[in-house]
Amino acid sequence: MDLIDNVNETPDTLNTTEATEPNASAQAPTTERIAGKGAPSLAQGEGFFSNAIIAIGLFAIPLLLLVVYYKLMFVGLTNNNAMDFAQLGKNLSDGKGFTTYYLRPLGLTHGDNILNQPDVINSPLYPFILGLAFGARGATDATAAQISGLFYLLTVPVLYFLACRLFSRKVALIAVAIYAANPLMLEYATSGLPITLQTFLTTSLLLLFHTLSSQLQARAENPQRPLPHATLVGIGAVTAALYLTDSVLLPLIPVVVLSVVGLLRANNALRAVGAFLLPLALMVLPWMFRLGRLSGKPFYGLRGIEVWLGTENF
């Protein structure tokens, strides 16, 4: 009887154990959830700290390199084109309009006043920025060089975000390090030339295109999302700005137009193309009209002759 009783009691014991095991397993996720609540906050804190260090480094290290290079190497504007841009900016800041004292034989036929000669060779954006800087800080070689340095610095975060999106944070940091420590880029950053502005605009255009593609993909998954009008406006404005920095970049415009139209058509969003074309037209057409009226060459002005000749000597 005792053996039978013990056998009968065993299932009850097993059942009791089985009954208590689910409770133990049910408590485990609770412990994990409690632990899980603390872990993200720690990770978030570490992420914020690392992001803050990266942000400071992206600003401080290129700035330090630029200041050191400027102090050691800058002796004034030595490039003829830099001096040409600077005198255009000075004339703009003095209220004389887009006129030049840098006289070229082919340019003398486009104005009857040698002291008020309209410039039909250089593009207007960089001299306009120089004019604003000269009005605020004075027309000096140092101010012109600092504008080049400003766009060198502004390119750093744009390049970082673009590389992060396309690759990874590690690749982005390597790309920024190569860009910031490149002796040629540091030379451009103190040259007074618009090369750093062109670099900044080109990198921004690539980042905007990546943003547009991501937004259109998200909208394809959720048609309720609004059309990316702001991004399209940005692409149009930056494309126009590149042309207004150097008219040689005119062939870029049809390439960008076809790319934007192709992306929008592939995602059934072609009706939003106006948001891209409007700023592009508003910024480009007035300048083309001026070039056409003064030089008879609405796309390049006399800069086009330089392109075909392949030389800067007229």
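The following is a conversation about a predicted model of one chain.

Biologist: What should I know about the model before we start?
Modeller: The model is predicted, so local features need pLDDT of at least 70 and side-chain atom pairs count only at pLDDT 80 or more, while totals for chains, interfaces and linings use all residues. Residues are numbered from 1 along each chain as its sequence is written, and side-chain values use heavy atoms, with hydrogens and water left out.

Biologist: How many helices and strands does the chain come to?
Modeller: There are 11 helices and 2 strands, taken as DSSP runs numbered from the N terminus (helices are H or I with at least four residues, strands E with at least two). Along the sequence the pattern is α-α-β-β-α-α-α-α-α-α-α-α-α.

Biologist: And what share of the residues counts as buried?
Modeller: Of the 314 residues, 38% count as buried; buried means under 20% relative accessible area, exposed over 50% and partly exposed in between, with a 1.4 Å probe and protein chains only.

Biologist: Of the contacts between residues at least 6 apart in sequence, what share joins residues at least 24 apart?
Modeller: That share is 67%, where contact means heavy atoms within 4.5 Å.

Biologist: Turning to packing, at what angle do H8 and H10 cross?
Modeller: The axes of H8 (residues 229-245) and H10 (residues 274-295) cross at roughly 20 degrees and come within 5 Å. Axes are lines fitted to C-alpha atoms, for helices over the stretch in contact, and angles run from 0 to 180 degrees between N-to-C directions.

Biologist: Why is H8 called roughly parallel to H10?
Modeller: The crossing angle makes H8 roughly parallel to H10, because angles under 35 degrees count as roughly parallel, over 145 as roughly antiparallel, 65 to 115 as roughly perpendicular and the rest as oblique.

Biologist: How far apart are the axes of H7 and H9?
Modeller: The axes of H7 (residues 195-221) and H9 are 10 Å apart, with an angle of about 15 degrees. H7 and H9 are therefore roughly parallel, and their crossing is right-handed. The contact includes Phe-209 and Leu-212 of H7 with Val-256 and Ser-259 of H9, and its residues divide into 9 nonpolar, 1 polar and no charged.

Biologist: Is Thr-245 buried or exposed?
Modeller: Thr-245, in H8, counts as buried at 3% relative accessibility. Its side chain reaches the backbone oxygen of Ala-241 at 2.7 Å. Not counting residues up to four places away in sequence, Thr-245 touches Ser-123, Leu-125, Pro-194, Leu-197, Gln-198 and Leu-201.

Biologist: What does Asp-84 contact?
Modeller: Leaving aside neighbours within four places in sequence, Asp-84 is in contact with Thr-100, Tyr-102, Arg-104 and Asn-122. Asp-84 lies in H2 (residues 80-93) and is buried, with a relative accessible area of 1%.

Biologist: Where is Asn-268?
Modeller: Asn-268 is in the loop between H9 (252-266) and H10, and counts as exposed at 64% relative accessibility. Its phi is near 55 degrees, a positive value in a residue other than glycine. Most residues other than glycine have a negative phi.

How values were computed. Polar contact = N/O pair within 3.5 Å; in protein donor to acceptor, adjacent residues only side chain to side chain. Left-handed = near helix turned anticlockwise from the far one by under 90°. Nonpolar A, V, L, I, M, F, W, Y, C, P; charged D, E, K, R; others polar.
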